[in-house]
Structures are given as C-alpha cells and as structure tokens.
Amino acid sequence: MELYNGTISEILGRINAHAPRSWEYEPARAWADNGQNELVLGRDAAYELGGGNLPASNCTCVTTDASLVPEDKIILVGPDLGEIRADSPFSRIALLHVNDISGDDQEAFRTIRDMEFVKYHVFPAGYMMRVSPESGREQVRVSRQAIKRGISFRNIGDSFIKKYKENKLIDHVCLIFVTGDKALCKELAETGKKVDAITLTLNHIMDGLSTDCSTCSFKTVCDEVEGLKELHFGLAQGQSQNPPMQT
C-alpha cells in the first residue's frame, strides 16, 4: 500500500523542520488504561487540546515501505503535557508500516480501515479523547490529577503503539504529537483532509465507482495521488474479465 507515501514524506518533512523530541517505544511506560473513555469534567480539567476554535486533528497513514517508518517511535513538536498551561492547538498522526496484507484489494482495504479504528480503543486515564470522524477533529481534555501523576506524550504514545501492535500485520508505528504551534496544526489539519480524501476515493473505487473520469468527482484526488488511477482501472479491468454469474 503505497498510496499514502507522498503524504507521509510531506508530514515527516514538516515535522523534522521543527526540531522535534523523540523517544523509542517502551511498552512498560504505557499510561494506565481505563478500558473505556473516562469522563473528565471541565472543573477537573487542566486544559483541552484542540479546545474551542483551536485546530484539532488526527490522521492515519499506512505504508509497506519500511524506509518511511523503520522503527517504533514517539515524536513530539511543542510543549509536553506537563508543560502546557492553557488550551492548545493539537494534532496527532499515526504512521504505520505494514507487511503481508494478504487477500484481494478489497480485503486489504478493509484490513487497513480496521487499523485506523484503533484510535477508538485507547483509553488513557485522565486523558479524555473526543474524535469526530466527520470533521477529522480530535480534542483531548486532560485532567489535573493526570498532570500531577506525570502523564506525558511519551506515555500516551507508548499506549497507542502498544494497542496498534496487537495487530500482527503492523510492523512499526510512528506516533506524532504536535502542540502549541497553531500554524503547523492548521497545516496538518489540511493534510488530514487530504488523507481522508484518499481513503474516501479508495473506498469508492472498491465499491465499483465508474471509470469515466470526465464525470467523476474524485478525479482531482486520482490525478494527485500516484497509484490511485492505476488501481481503479486495474480493478475495473479485472471485473470486466470476470462478470458476475447469471442466475
């Protein structure tokens, strides 16, 4: 799956230009998980990541190119959780290196979508996430108690990676967090929309979208993302060679 490679390179270029901090994955450092989303009331919160009208986004990119995600790592641009004093812009990005996705293209696509849903199954104590699939926003309310206990993005990153690696198809995970930089978070929110557009286009291709490019609303995405158009017409050709059985 190479459709997101250009976007991954773009993201890494932006992040590396901001002198990020990074840590290796250590599962023993994963923050305590509640098993379900914890309700953090406003009066108990230290602040909110992506609160109000501040940028707040997340996205997941999958690749089979090991050079793009060669190891498990947590990366942070901006203040850590214990250093933030007020509501902050926020972005979280998951870059996944996968291998051995078997089956046809449709099965592979479903497998990748399942990986994206990991974000709905991580419940760090004192770290209440609110994710909107429609807008791509991810807001986080962090409790004062969690701050006192020393919660950090290193801990949260370890928690996410630990959950991702329960899936044996995922070789390496790079978890990126960005706080404080409103301009960068806005840029990454736009990148997240681009990732969603690629995924939506792929979904429609798998559902048998027409190959008439002149009438297709996803033409601009196919033109921009290397491999989408080839996949589209490759599937269409395969379907024409194997018409459905008549009953």
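A pocket is an open set of grid points with protein on both sides within 12 Å along at least five of seven lines, and its lining residues have an atom within 4 Å of a point. The exercises below apply this and related terms to a predicted model.

**Exercise 1.** Determine which element gives the most to the lining of the largest pocket.

*Solution.* Step 1. The pocket in question has a volume of about 530 Å³. Its lining comprises 30 residues, and the closest to the centre are Pro133, Glu134, Ser135, Gly136 and Asp196.

Step 2. The elements that each supply at least two lining residues are strand 3 (56-63), helix 2 (105-116) and helix 5 (182-206).

Step 3. Helix 5 gives the most, with 10 residues.

Step 4. Sorted by class, the lining of this pocket has 10 nonpolar, 10 polar and 10 charged residues.

**Exercise 2.** State which residues line the largest cavity and which elements give two or more of them.

*Solution.* Step 1. Two cavities of 30 Å³ or more are counted, and about 70 Å³ of space lies in the largest cavity.

Step 2. The lining of the largest cavity consists of Tyr4, Cys59, Thr60, Val62, Ile112, Glu116, Val195, Asp196 and Thr199. Strand 3, helix 2 and helix 5 are the elements that give two or more residues to it.

Step 3. By class, this lining divides into five nonpolar, two polar and two charged residues.

**Exercise 3.** Classify the aromatic pairs that phenylalanine 90 forms with phenylalanine 153 and with phenylalanine 177.

*Solution.* Step 1. A pair of aromatic rings is described by the distance of the centres and the angle of the planes. The cut-off for a pair is 6.5 Å between centres, and planes under 30 degrees apart count as stacked.

Step 2. The count for the structure comes to four aromatic pairs. In one of them, phenylalanine 90 and phenylalanine 153 lie 6.2 Å apart, centre to centre, with 15° between the planes, and the pair is stacked. Phenylalanine 90 belongs to strand 5 (residues 90-98) and phenylalanine 153 to helix 4 (residues 153-164), so the pair ties together parts that are 63 residues apart in sequence.

Step 3. Phenylalanine 90 and phenylalanine 177 are also stacked, at 6.5 Å centre to centre and 25° between the planes. Because phenylalanine 90 lies in strand 5 and phenylalanine 177 in strand 8 (residues 170-179), this pair ties together parts that are 87 residues apart in sequence.

Step 4. Phe90, Phe153 and Phe177 form one aromatic cluster. Phenylalanine 153 counts as buried because its relative accessibility is 0%; phenylalanine 90 and phenylalanine 177 are buried as well.

**Exercise 4.** Decide whether cysteine 59 is in a disulfide or in none.

*Solution.* Step 1. The sulfur atoms of a disulfide must lie within 2.5 Å.

Step 2. For cysteine 59, the nearest cysteine sulfur is that of cysteine 61, 4.6 Å away, and cysteine 59 is in no disulfide. The structure as a whole holds zero disulfides.

Step 3. Cysteine 59 is buried, with a relative accessible area of 4%.

**Exercise 5.** Describe how strand 7 (residues 137-143) is covered and how strand 6 is joined to it.

*Solution.* Step 1. Six of the seven residues of strand 7 are buried, and the strand is mostly covered.

Step 2. Strand 2 (residues 45-49) pairs with strand 7 in the antiparallel sense over four bridges, and alanine 45 stands opposite serine 143.

Step 3. Strand 6 (residues 127-132) runs antiparallel to strand 7, joined by six bridges. Arginine 130 has glutamine 139 as its bridge partner.

Step 4. Four residues lie between the strands in the hairpin of strand 6 and strand 7, where glycine 136 takes a positive phi near 75°.

Note on methods
Residues are numbered from 1 along each chain as its sequence is written. This is a predicted model: local features need pLDDT of at least 70, side-chain atom pairs count only at pLDDT 80 or more; totals for chains, interfaces and linings use all residues. Side-chain values use heavy atoms; hydrogens and water are left out. On a 1 Å grid over the protein atoms alone, a cavity is a set of points where a 1.4 Å probe fits but cannot get out, and a pocket is an open set with protein on both sides within 12 Å along at least five of seven lines; lining residues have an atom within 4 Å of a point. Grid points are joined across faces, edges and corners, and a volume is the space filled by probe spheres set on the points. Ala, Val, Leu, Ile, Met, Phe, Trp, Tyr, Cys and Pro count as nonpolar, Asp, Glu, Lys and Arg as charged, and the others, Gly among them, as polar. Rings of Phe, Tyr and Trp (its six-membered ring) pair if their centres lie within 6.5 Å; planes under 30 degrees apart count as stacked, over 60 as edge-to-face and the rest as tilted. Buried means under 20% relative accessible area, exposed over 50%, partly exposed in between (1.4 Å probe, protein chains only). Two strands pair if DSSP finds at least two bridges between them.
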